[in-house]
Amino acid sequence: MTGETVAFGFNVARSGPFSTTGEEELRGHRLAVKHINEGGGWVDTQYSGQLTGDGLLGKTVEPVVGDTESDPDTARASANSMIENDDVIMLSGGSTSDTGLAHQRLAAEKEVIFMATMTHIDTLTGASCNRFTFRELFNGYMTARALKPVLVDEYGEDVDFFQIYSQDDWGSAQRDLMKRSLTDAGWTPVGTLSAQLGTRDFSQYVSDIENASEDVLILNLRGLDAANAVRAIREAFPEENIVIPLYTRAVAQTAGGAIEGVIGTIEWDPSIETPLSEEFRSAFSSEYSGGTGSASSSIPSGPAHVAYTQTLQYAYAAQKAGTFDPNAVISALEGLEYGAGIGSETLRACDHQSMRPVPVVRGRPGDQQAFGRYYNLINTTRDAMYPCSEGPAAECSLDGN
């Protein structure tokens, strides 16, 4: 590869209903590139002696940024332009599961490595897996496994539950995962209803929720949909027990006080006190403390953390391989053992899924939400991990992909 620079492609939602998550991812991506080129953060600690802090394989890394517009077709077109016109050697992003799957398919076609970020659906490292795609974020199967003991401990074993889910592949898949996990625990499903993506008024579902007489309501929703739903439901039913299987700081921030008591899983949280978490938190805050936006914009979120983590994973693997050739980089990524501030992790060779702890949190009351802190950590569990012969991994075959 000629020239003094090499391009990384960051294709995130900069517009549409998931734009807040996309912008958080992008801050993590940009920080990782800065550390690759100039040193700092985990380049000086986690990858000390491996990454040098003066570029990658003798080249300066340049970010190329695209906007998926929260739409899979747009995501594919944007990513394809990056590969064809900007010569990016890797892709990262995918602020939703459908845009992540669009990236995944294109990565296999173009033989470009894709480091998925907020793509949660099981099929990415399950039935649709391919050898060019790697994922740091836990999947839906792991979310259900992490939540099951927490919810049983919180609400007991004789519980009726009702589910609302988004009208897309992720929503229906997460609904089924939660149903299977909780019925195994003795819970009884008393109904479901679907909500169109982009629904603003969730008060239309109040009568269905009331008639179900459930003990716990599970919202398999994301982004603004999740925030709008929890606000409408809290207004109608202030004491409702609510679960959002996967939620982010953006959801909690938008929902405000309505998030109080809501249980769910997150990618990472600044309250996790480990040396690597502190290093990332400090580097991020130092980088963005003088920027525009709310005071919480200098406090890193889960999407920023996963974007930073996966960008450095790719850089380390390329450095170890001594080349940008994707086949050599794939070999260096497979079986990678590392830390990201939440305990030891492994990027598995069998399905390219990270086996990692899963943080479970509970939303704070509105008067305790400050400086980017919207939930309290319940635990960080390793019980969500599973072998290659089970779960989505059992449906993954990387041969020929």
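**View 1. Lining of the second largest cavity in this predicted model.** The second largest cavity is lined by Met118, Leu246, Tyr247, Thr248, Arg249, Ile266, Glu267, Trp268, Gly302, Pro303 and Tyr375. Rolling a probe the size of a water molecule over the atoms shows where empty space is left.

**View 2. The largest cavity and the residues closest to its centre.** A search of the whole structure finds two cavities of 30 Å³ or more, and the largest cavity has a volume of about 130 Å³. Its lining is made up of 14 residues, of which Ser95, Met118, Arg222, Leu246 and Thr248 are the closest to its centre. Six residues of this lining are nonpolar, seven are polar and one is charged.

**View 3. An open sheet of five parallel strands.** The five strands of this open sheet follow the order β2-β1-β3-β4-β5, and their pairing is parallel. At the edges stand β2, which covers residues 60-67, and β5, which covers residues 133-135, each of them pairing on one side only. On average, and with direction ignored, neighbouring strands of the sheet are turned by 25 degrees against each other. Within the sheet, β3 (residues 88-93) pairs with β4 (residues 113-116) in the parallel sense over four bridges, and Gly93 stands opposite Ala116 in β4.

**View 4. Two helices that lie across strands of the sheet.** Helix α3, which spans residues 97-110, lies across β1 (5-12), β3, β4 and β5, and runs at about 165 degrees to β4. Helix α11, which spans residues 326-333, lies across β4 and β5, and its direction makes an angle of about 35 degrees with that of β4.

**View 5. A salt bridge between Glu136 and Arg356.** Side chains of opposite charge can pair when their charged atoms come close. The structure holds 12 salt bridges, and in one of them the side chains of Glu136 and Arg356 meet, with a distance of 3.6 Å from N to O. This pair links distant parts of the chain, 220 residues apart: Glu136 belongs to the loop between β5 and α4 (140-155), whereas Arg356 belongs to the loop between β13 (354-355) and β14 (358-363).

Definitions and conventions
Residues numbered from 1 in each chain as written. Predicted model: local features only at pLDDT ≥ 70, side-chain atom pairs only at ≥ 80, totals over all residues. Heavy atoms only, no water. 1 Å grid on protein atoms, 1.4 Å probe; cavity = no way out; pocket = protein on both sides within 12 Å on 5 of 7 lines; lining within 4 Å. Points joined across faces, edges and corners; volume = space filled by probe spheres on them. Nonpolar A, V, L, I, M, F, W, Y, C, P; charged D, E, K, R; others polar. Pairing = 2+ DSSP bridges. Axes fitted to C-alpha atoms, helices over the stretch in contact; angles between N-to-C directions. Contact = heavy atoms within 4.5 Å. Salt bridge = Lys/Arg side-chain N within 4 Å of Asp/Glu carboxyl O.
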